[in-house]
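Thanks, everyone. Let me walk you through one model today.

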Amino acid sequence: MEEYMKKRGTMLIIYIPRELDHHFAEQITRAIDQELERGAVRQLVFDFSNTDFMDSSGIGMIMGRKRLLSYSGGTVSAIHVNDRILRIMQLSGIYKHIEISQEPVWNYRKR
Amino acid sequence: MENKNEMILEVESRSCNEGLVRIAVAAFSTQLNPTLEEVADIKTAVSEAITNCIVHAYDTSTEKIRVECRNNKRELTVVVKDTGKGIEDIEKAMEPLYTTRPEQDRSGMGFAFMEAFMDQVTVESAPGKGTTVTMKKVIGRQNPVFE
């Protein structure tokens, strides 16, 4: 799962796979929580540039991490979110709790 | 042309099958010439129903989930059946944000998403007897490009 994560100082970036359902959410959650336990993460960034499907399991995953980080005053954000994912985030009300950016991907990097 | 078709799919309640069922139902629905938005709606709703079977109905055991799809004229019907533990209070279970598993990061939005993305969702369930979720959606409200 490590190839999905990148750490830069106190920022942890998670590259979400093409489909974020219960199956992948569980795996990613485990990897993130391991990293969070080591401490020193202040900003958690979910990068959706490669993602075109998310269901309520993704919402649960993000909300759970938001809860964990809020104890230490950390922030959670989602970037490069497409229209479909944004709609799911709006429907679930999660947009009130995290920062969402739709800005398109200019430098598309291959992972 | 008679616009009728049927597909029956049975998978084990393993999370790796969520993607499989979602894609299969989406592919089946393309016979009704849906828009991309409609396909995405169907995928989300199916994913929620299957996840419910795996997370709630069968919890620790691995058993069969049956998915029946029917096309009739412009209407797609998807029935997701399990023989798991069933739901005690269906009304409560369908409330947005209500979940019996907050510690597992469940958002409580499953049924809410099914209702948001399909035209009609009905749930039949009894404790110990399993649950049947029936979802219907009329495809192609806007004029389709190809007929």
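**A sheet, an interface and one glutamate**

Start in chain A, where strand β4, residues 43–47, pairs with strand β6, residues 75–79. The sense is parallel, over five bridges. Within that pairing, D47(A) sits opposite I79(A) of β6(A). Keep in mind that this is a predicted model.

Now zoom out to the sheet. It is open, with five strands in the order β1-β2-β4-β6-β7 of chain A, and the pairing is mixed. At the edges stand β1 (5–8) and β7 (99–100) of chain A. Each has a single partner strand, so one side of each has no neighbour in the sheet.

Next, the two chains together. In chain A, 21 residues contact 25 residues of chain B. The two chains bury about 1800 Å² between them, with 49% of it on carbon and sulfur atoms. Three residues, H22(A), S56(A) and R84(A), supply 31% of the area that chain A buries against chain B, more than any other three.

What about charge? The count between chain A and chain B is eight salt bridges. One of them joins K43(B) to E19(A), with the closest N and O atoms 3.5 Å apart. Which element gives the largest share of the side of chain A that touches chain B? That is α2(A), with eight residues.

Last stop: E48(B), in helix α2 (residues 36–57) of chain B. E48(B) is buried, yet has no salt bridge. The nearest side chain of opposite charge is R106(B), 5.6 Å away. Among the residues E48(B) touches are D55(A) and S56(A) from chain A, and F113(B) from chain B.

Terms used. Residues are numbered from 1 along each chain as its sequence is written. Chains are lettered from A and ligands numbered from 1 in the order in which they are written. This is a predicted model: local features need pLDDT of at least 70, side-chain atom pairs count only at pLDDT 80 or more; totals for chains, interfaces and linings use all residues. Side-chain values use heavy atoms; hydrogens and water are left out. Helices (H or I, at least four residues) and strands (E, at least two) are DSSP runs, numbered from the N terminus. Buried means under 20% relative accessible area, exposed over 50%, partly exposed in between (1.4 Å probe, protein chains only). Lys and Arg count as positive and Asp and Glu as negative; His and the chain ends are not counted. A salt bridge is a side-chain nitrogen of Lys or Arg within 4 Å of a carboxyl oxygen of Asp or Glu. Contact means heavy atoms within 4.5 Å. Two strands pair if DSSP finds at least two bridges between them. Buried area is the accessible area (1.4 Å probe) that two parts lose on being put together, summed over both. Lists of a residue's contacts leave out its neighbours within four places in sequence.
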